[in-house]
Amino acid sequence: MKNETLRRIALALAAPIAAVIFATIASSVFLLIAGSNPFTAYGDMFEYGSRLEIQVDILNRATPLYISGVAAAIGFRMNLFNIGVEGQYRLAAIVAAYVGASVSLPAVLHIGLILLVAMLVGGAYSGVAGVLKVTRGVNEVISTIMLNAIAISGLIAWLVREWQAGGSVDATATNLGVGTEPINESGLIPNINSWLEIFTRDIGKGKELTGVFLVAVAVGILYHILINRTRFGFDLRATGINPFAARVGGVSDKRMVLGAMVLSGVVAGLVGMAEIAKLGRFNPNFVGGLGFAGIAVALLGRNHPGGIAIGALLFAFLDTASGVLQVTGSASREIVFIMQGIILLAAVIAYEVVQRFRIREEARLASVLLAGEAG
Amino acid sequence: MILAQIRQLPAWARWASFATLGVLVLTLVQELGQNDTSHLTAMTTSQTALKWSIPILLAGLGGLFAERAGIINIGLEGMMVLGTWFGAWGAFNFGPYTGILIGIIGGAIGGLIHAIATVGFGVDHIISGVAINILGPFAARFLSSEIFTGYQGGSVTQSPRVENVDKFTMPFLAGGYDTPNFLKWLGDKDLPLISDIGNILRGVLTQTSWATIVALLLVPFSAWLLWRTRFGLRIRISGEDPWAGESQGVNIYRYKFVAVMISGGLAGFGGAFITIEMSSIYQEGGTTGRGFIGLAALIFGNWRPGGILAAALLFGYPYALQFGDFDGFASHALLLVNAIALFGVTIWAIRKSKHADAAIAFVLGALSAIWYFVADTVPDWWVKILPYVIVIVVLIFFAQRLRMPAANGQIYRRGQT
């Protein structure tokens with residue numbers, strides 16, 4: 001039986017490892033074609049990534065990626081595709097920054113209020129897609145994509161002018177660099193350098209490990225409990241695996257769709273919080289693309305809380321460590337985009353192959369057992 | 001009863017009637033408004049609207065081929081991005097015509113990847129599509145950093161300028177080749193409706209790019225290919241009931257592969273069109289989600305070429321209205337057009353005794369009308385999001401009335417049901 005467990009773990013790891021190896025080889029080919037030495041490039045990245053300060057950067061990058069990955073995974077668990085995390089987190093961030101700046105409270109309450117507003121806005125905005133699906137049968141993939149566009153090129157572009165620090169400005173204003181009013185010190189989630197420094201030397205170069213890291217950890221634990229230890233999580237998985245059976249079992253699929261969609265948005269609302277804590281406001285250059293990257297991370301991690309963490313760390317490492325390539329000039333840093341894309345695609349294919357292999361294996365095992373019983 | 005009679009007409013006359021009805025609404029709105037809203041039916045508006053519809057149309061047709069073969073292609077956007085990049089690269093090095101061809105090949109490569117994942121390995125169609133949407137822009141970014149940065153005027157996010165395809169102006173009707181310009185004469189008459197139709201047609205027939213003409217010809221061609229040939233029948237059986245097709249000896253895998261590659265090629269054409277015909281330059285993020293709008297056009301068009309064209313024109317129109325509408329009056333008048341359309345939907349829903357639909361349409365229509373009467377202009381962000389709002393509103397009313405290919409999105413494995 002011990003052997004069996006090992007075998008299962010090996011099978012589970014086979015796909016992502018194969019994907020990373022395949023992506024590394026494929027990227028090396030691209031690098032060679034482009035006239036760079038892949039070994040120097042990877043060596044530079046690993047050397048750079050092994051520095052403590054850079055590792056802090058990696059964790060800072062991985063934190064929102066992870067939250068975004070969990071947000072996407074909640075929907076994926078029941079075959080609900082919330083592509084709208086991108087719009088949800090940005091909208092949540094700007095409203096939370098605005099509300100956070102307009103009040104002054106003790107630190108715990110202030111931070112709590114900002115997080116709460118962000119979660120509410122995220123959940124409300126994804127809820128629109130949920131309501132459209134449940135009541136009007138509008139496919140959530142299309143509606144969330146449209147809602148992304150509406151949020152980003154419409155609502156946020158408008159709000160960022162309306163809530164500009166020092167009064168609203170019109171569309172023709174050229175100096176939009178400032179952003180919303182600054183949030184009071186009490187509303188900013190502090191860094192947790194001291195926590196990390198228990199294990200390491202002092203962090204230098206003014207790098208700060210975001211306190212939202214702890215929020216991400218909490219989100220991961222809650223996600224694990226929700227999926228594996230609650231009725232809702234059971235219904236969610238059941239609907240994802242076999243919606244008809246779940247319906248026969250008394251699960252209201254409409255309620256599940258709405259619930260999963262809103263919950264996904266609630267988590268999505270937290271994605272921008274690290275950036276808000278760092279900037280102290282929402283500005284027009286607010287970090288983008290985390291929603292789509294989160295989908296990639298969720299797919300890589302197979303919607304598993306631990307898997308998503310590994311995926312987020314991997315992508316964060318590639319994003320961050322590639323910065324050194326510009327300095328050393330050993331390759332163009334855009335190679336990591338190719339790597340991420342190939343890893344993602346190779347991983348989803350590899351999972352499928354392993355899954356098929358596993359089903360065949362089980363069928364074989366069952367037939368062996370049955371033959372044994374008959375004999 | 002007029003509607004019932006329209007329904008009995010042949011297809012071309014039916015479409016023409018609906019189009020005339022649409023222009024009639026636009027004319028009415030112009031007469032009603034106090035401000036000058038002639039921009040609604042101006043020649044330049046229809047010219048721009050047609051141009052903006054083409055990438056949506058091509059993406060929609062791309063979706064048509066894939067989904068008729070049973071493969072959901074949400075990766076159209078990513079394939080379109082590949083089309084914009086390869087189109088720019090090709091156009092810069094070999095001229096615009098070859099550029100479009102290379103853009104098509106670029107998109108088809110994306111289609112090939114999607115086909116390998118979904119058909120070859122049986123990966124979930126949405127997951128593979130999402131992966132391609134992430135891979136496409138990443139690949140374009142990398143390629144730009146390797147290639148465009150070496151060109152004068154190029155950078156990591158954009159290409160040097162590229163040339164356009166030649167243009168065509170219809171003789172006699174629109175005055176091409178130094179012939180009389182009948183539609184201009186008609187438009188200058190300033191008659192209600194007739195002059196509007198004249199202006200709109202003149203815009204469509206003046207300085208039309210050959211790429212546009214080819215794209216439009218792809219509409220009847222796709223209909224012929226899918227519904228009148230053996231090849232098309234086999235693509236459609238792959239999407240309706242692949243197991244039935246398999247029992248007839250059709251190699252379903254092959255048809256799905258070919259269909260998804262055609263799909264990617266069409267999306268690539270759409271991307272190359274954006275680069276070569278619209279922006280004259282490759283820009284990162286230049287597709288602005290038009291692959292997804294194409295997907296919405298496919299759904300609204302009920303998985304049929306004619307419907308996709310109509311949807312593409314509908315979605316392209318508000319984009320076009322933004323240009324040259326400096327005072328914002330025309331965009332503002334569009335609120336009244338929306339209201340009239342929504343009241344039309346209300347009447348339709350009442351006749352079909354769909355009371356919920358009627359109520360929703362009436363409320364939305366009333367809101368639109370109230371906004372029209374209380375404000376003189378609309379904010380610029382409203383104009384920007386209008387195409388997306390229209391997509392959602394249209395789907396609210398029609399999502400449940402549509403029929404997609406029966407086995408669309410299902411994972412097919414040979415010999416397994």
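A residue is called buried under 20% relative accessible area, exposed over 50%, and partly exposed in between (1.4 Å probe, protein chains only). By this scale A:Val29, at 42% relative accessibility, counts as partly exposed. The model examined here is predicted, so local features need pLDDT of at least 70 and side-chain atom pairs count only at pLDDT 80 or more, while totals for chains, interfaces and linings use all residues. Residues are numbered from 1 along each chain as its sequence is written, chains are lettered from A and ligands numbered from 1 in the order in which they are written, and side-chain values use heavy atoms, with hydrogens and water left out.

A:Val29 sits in helix α1 (residues 2–33) of that chain; helices here are DSSP runs of H or I with at least four residues, strands are runs of E with at least two, and both are numbered from the N terminus. A:Val29 belongs to a nonpolar surface patch together with A:Ile9, A:Leu13, A:Ile17, A:Ile21, A:Ile25, A:Phe30 and A:Ile33, and the accessible area of the patch is about 750 Å². Patches are built from residues with over 30% relative accessible area and no salt bridge, joining like charges within 9 Å and nonpolar side chains (Val, Leu, Ile, Met, Phe, Trp, Tyr) within 5 Å. Accessible areas follow the Shrake-Rupley method with a 1.4 Å probe, and for residues only the protein chains shown count as cover.

We turn next to the interface. The size of an interface is often given as the accessible area lost when the parts come together. Between chain A and chain B, about 3700 Å² is buried (accessible area, 1.4 Å probe, that two parts lose on being put together, summed over both), and carbon and sulfur atoms give 78% of this area. A:Arg136, A:Met146 and A:Leu345 supply 19% of the area that chain A buries against chain B, more than any other three residues. In terms of contact (heavy atoms within 4.5 Å), chain A contributes 41 residues and chain B 44 residues.

One salt bridge is found across this interface, the term standing for a side-chain nitrogen of Lys or Arg within 4 Å of a carboxyl oxygen of Asp or Glu. A:Arg136 and B:Asp357 meet in a salt bridge through their side chains, with an N to O distance of 2.8 Å. On the side of chain A that touches chain B, α5 (107–136), α6 (140–162), α13 (290–300) and α16 (335–374) each supply at least two residues. The largest share comes from α16(A), with 13 residues.

Over all chains, the structure holds 15 salt bridges. Within chain A, A:Glu86 pairs with A:Arg90, their closest N and O atoms being 2.8 Å apart. These two residues are four apart in helix α4 (residues 85–102), so about one helical turn separates them. A:Glu86 is buried at 1% relative accessible area, and A:Arg90 is buried at 18%.

In chain B, salt bridges link B:Arg68, B:Glu240 and B:Arg403 in a network. The side chains of B:Glu240 and B:Arg68 meet at 3.5 Å, N to O. This pair links distant parts of the chain, 172 residues apart, with B:Glu240 in helix α10 (residues 230–240) and B:Arg68 in helix α3 (residues 43–68). B:Glu240 also forms a salt bridge with B:Arg403, the closest N and O atoms being 2.7 Å apart. Because B:Arg403 lies in the segment after α17 (380–398) and B:Glu240 in helix α10, the pair ties together parts that are 163 residues apart in sequence. B:Arg68 is buried at 6% relative accessible area, whereas B:Glu240 is partly exposed at 24% and B:Arg403 is partly exposed at 46%.
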